[in-house]
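Dear colleague,

Here is the structure I said I would pass on. My notes on what was found in it follow below.

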Amino acid sequence: MMNELGINESFIPAFCILTVAVGILLLIPRTFFLGNMLNAISILSIMALALQSGNYRIALIEIPFLALPLLMIWLKYPFKN
């Protein structure tokens, strides 16, 4: 899938580190919003790369995954109380 989107293999470790960082940021109440925004931006970048390569199926599949961080922002931090 990464080759179809035009992502070379040197970018994959950076994307994995970003994903782990987002997971850690979501656990901390003060960085919850930032973690969700980074997650939404990474999903939007995957959608943009899919649209640029002409693969509309991948872009449509990513729509529910984009809705999740936006819904989490709207619901606020769950472990606050």
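A residue is called buried here when its relative accessible area is under 20%, and exposed when that figure is over 50%. Tyr 77 comes out at 15% relative accessibility, so Tyr 77 counts as buried. Please keep in mind that this is a predicted model.

Aromatic pairs

There are two aromatic pairs in the structure. In one of them, the ring centres of Phe 11 and Phe 15 are 6.2 Å apart and the planes meet at 35°, so this pair is tilted. Phe 11 is partly exposed, because its relative accessibility is 40%. Phe 15, with a relative accessible area of 19%, is buried.

Phe 32 and Tyr 77 form an edge-to-face pair, with 5.2 Å from centre to centre and 80° between the planes. This pair links distant parts of the chain, as Phe 32 belongs to helix α3 (residues 32–53) and Tyr 77 to the segment after α5 (63–75), 45 residues apart. Phe 32 has a relative accessible area of 8%, so Phe 32 is buried.

Helix α3

The 22 residues of α3 should span 32 Å at 1.5 Å a residue, and the end C-alpha atoms are 32 Å apart, which agrees.

Which residues of α3 are buried? They are Phe 32, Gly 35, Asn 36, Ala 40, Ser 42, Ile 43, Ile 46, Met 47 and Ala 50. These residues cover an arc of only 155° around the axis, and therefore lie on the same side of α3. An α-helix has 3.6 residues a turn, so residues three or four places apart point the same way. The face turned away from the buried side of α3 carries the exposed residues Phe 33 and Gln 52.

The buried residues of α3 are covered by elements that include α1 (2–5), α2 (12–27), α4 (56–61) and α5. Just after α3, Gly 54 has a positive phi of about 90°.

Nonpolar core

The largest nonpolar core has seven residues: Leu 5, Ile 7, Phe 15, Ile 46, Ala 50, Ile 58 and Ala 59. Two or more residues of this core come from each of α3 and α4. Apart from neighbours within four places in sequence, Leu 5 is in contact with Ile 46, Leu 49, Ala 50, Ser 53 and Ile 58. Phe 15 of the tilted pair is also a member of this core.

Regards

Notes
Residues numbered from 1 in each chain as written. Predicted model: local features only at pLDDT ≥ 70, side-chain atom pairs only at ≥ 80, totals over all residues. Heavy atoms only, no water. Phe/Tyr/Trp six-rings, centres within 6.5 Å; stacked < 30°, edge-to-face > 60°. Buried < 20%, exposed > 50% of the residue type's maximum accessible area, 1.4 Å probe, protein only. Helix = DSSP H or I, 4+ residues; strand = E, 2+ residues; numbered from the N terminus. Expected span 1.5 Å × (residues − 1). Arc of directions from axis to C-beta. Contact = heavy atoms within 4.5 Å. Core = buried A, V, L, I, M, F, W, Y, C linked by side-chain atoms within 4.5 Å.
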